[in-house]
Protein chains: 2
Amino acid sequence: MPKTLPLLEDASPICCDPLGSSATLALDDAMALAVRLKALADPTRLQLLAYLLAQPDQEACTCDLAPVVKLSEPTVSHHLKKLETSGILTKERHGMSVHYRVVPEAIHAIARTLDTATRALTQVV
Amino acid sequence: MPKTLPLLEDASPICCDPLGSSATLALDDAMALAVRLKALADPTRLQLLAYLLAQPDQEACTCDLAPVVKLSEPTVSHHLKKLETSGILTKERHGMSVHYRVVPEAIHAIARTLDTATRALTQVV
């Protein structure tokens with residue numbers, strides 16, 4: 001099991017219910033959530049994440065990920081590093097190749113937040 | 001009922017299931033989702049959205065929103081415009097004041113996407 005990144009530990013839990021229960025969202029919680037959303041807010045990174053989510057163990061090496069988005073390995077590594085820094089992926093070296101794996105808790109935390117917001121909106125849809 | 005923004009109409013539906021069912025995410029879907037995530041990926045905008053979600057009709061004027069984030073009205077208007085451009089809010093002028101309202105479908109679309117990703121991860125948590 002890959003070690004959780006320090007940044008994720010610092011940021012988690014973002015908040016139990018940041019967008020649904022009250023009118024105020026603490027700045028710290030907003031900042032932690034914004035870091036993850038910013039990392040996700042790129043078409044290439046979303047495509048890489050979609051591919052990883054569909055793999056066994058949600059894991060793949062850079063060499064497999066580059067053809068998915070039709071970009072060079074250095075460019076893909078740059079995007080993967082953004083996802084790693086924000087705690088959405090972890091990285092492990094296997095011999096000559098570098099493998100990235102999804103951190104489920106990070107995706108869960110964002111999904112919970114938006115799910116709460118969705119429930120708050122139920123009455124107006 | 002406020003009119004849906006053209007950008008939202010162009011972008012919706014992002015996809016029925018973009019992060020869960022298959023290894024590929026079409027570039028168009030990824031770009032539409034990235035636009036909304038990028039608009040949300042800012043602590044001030046998340047705080048403004050949290051406040052709006054807690055209001056009756058998910059609506060407030062700029063004059064009420066500025067004190068929530070302790071910023072000037074022009075700065076808050078800049079942030080609100082980003083949320084409006086990405087289809088997350090709509091804007092209406094009421095006499096001298098400008099009111100912003102949450103577009104539920106935009107939040108739902110993002111939440112559905114991440115919820116699907118979360119379900120895809122169920123087995124590894």
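Predicted model: local features only at pLDDT ≥ 70, side-chain atom pairs only at ≥ 80, totals over all residues.

Biologist: Is A:E59 buried or exposed?

Modeller: Buried. A:E59 has a relative accessible area of 18%, and the cut-off for buried is under 20%. A:R101 comes out at 23%, so A:R101 is partly exposed.

Biologist: How many salt bridges are there over all chains?

Modeller: Two. The one in chain B joins B:E59 and B:R101, with the closest N and O atoms 2.9 Å apart. B:E59 is in strand 1 (residues 59-61) of chain B and B:R101 in strand 3 (residues 97-102) of chain B, so this pair also ties together parts 42 residues apart in sequence.

Biologist: And what about burial for B:E59?

Modeller: B:E59 has 17% relative accessibility and counts as buried. B:R101 is partly exposed, at 23%.

Biologist: New topic. Which residue is buried yet has no salt bridge?

Modeller: A:R45. The nearest side chain of opposite charge is A:D42, 4.0 Å away. A:R45 lies in helix 3 (residues 43-53) of chain A.

Biologist: What does A:R45 touch, then?

Modeller: Leaving out residues up to four places away in sequence, A:R45 touches A:K38, A:A39, A:H79, A:K82 and A:L83.

Biologist: What about helix 3 of chain B? Why is it largely enclosed by the rest of the structure?

Modeller: Because ten of its eleven residues are buried. Among them are B:R45, B:L48, B:Y51 and B:L53.

Biologist: What happens at the start of helix 3 of chain B?

Modeller: A side-chain oxygen of B:D42 comes within 2.9 Å of the backbone nitrogen of B:T44.

Biologist: Which residues line the largest pocket?

Modeller: The lining includes A:K38, A:A41 and A:R45 from chain A. From chain B, it includes B:V35, B:D42, B:R45 and B:S86.

Biologist: Which element gives the largest share of that lining?

Modeller: Helix 2 of chain B, with three residues. The elements giving two or more residues are helix 2 (27-40) and helix 5 (73-85) of chain B.

Biologist: Let's zoom out. How many helices and strands are in chain A?

Modeller: Six helices and three strands. From the N terminus on, the order is α-α-α-β-α-α-β-β-α.

Biologist: How much of chain A counts as buried?

Modeller: 53% of its 125 residues. One of the buried residues is A:L33, with a relative accessible area of 1%. A:L33 is found in helix 2 (residues 27-40) of chain A.

Biologist: How far apart are A:L33 and A:A106?

Modeller: In sequence, 73 residues. In space, 9.8 Å from C-alpha to C-alpha.

Biologist: And the contacts across chain A, what share comes from residues 24 or more positions apart?

Modeller: 56%, counting contacts with a separation of 6 or more.

Definitions and conventions:
Residues numbered from 1 in each chain as written. Chains lettered and ligands numbered in written order. Heavy atoms only, no water. Buried < 20%, exposed > 50% of the residue type's maximum accessible area, 1.4 Å probe, protein only. Helix = DSSP H or I, 4+ residues; strand = E, 2+ residues; numbered from the N terminus. Polar contact = N/O pair within 3.5 Å; in protein donor to acceptor, adjacent residues only side chain to side chain. Lys, Arg positive; Asp, Glu negative; His and termini not counted. Contact = heavy atoms within 4.5 Å. 1 Å grid on protein atoms, 1.4 Å probe; cavity = no way out; pocket = protein on both sides within 12 Å on 5 of 7 lines; lining within 4 Å.
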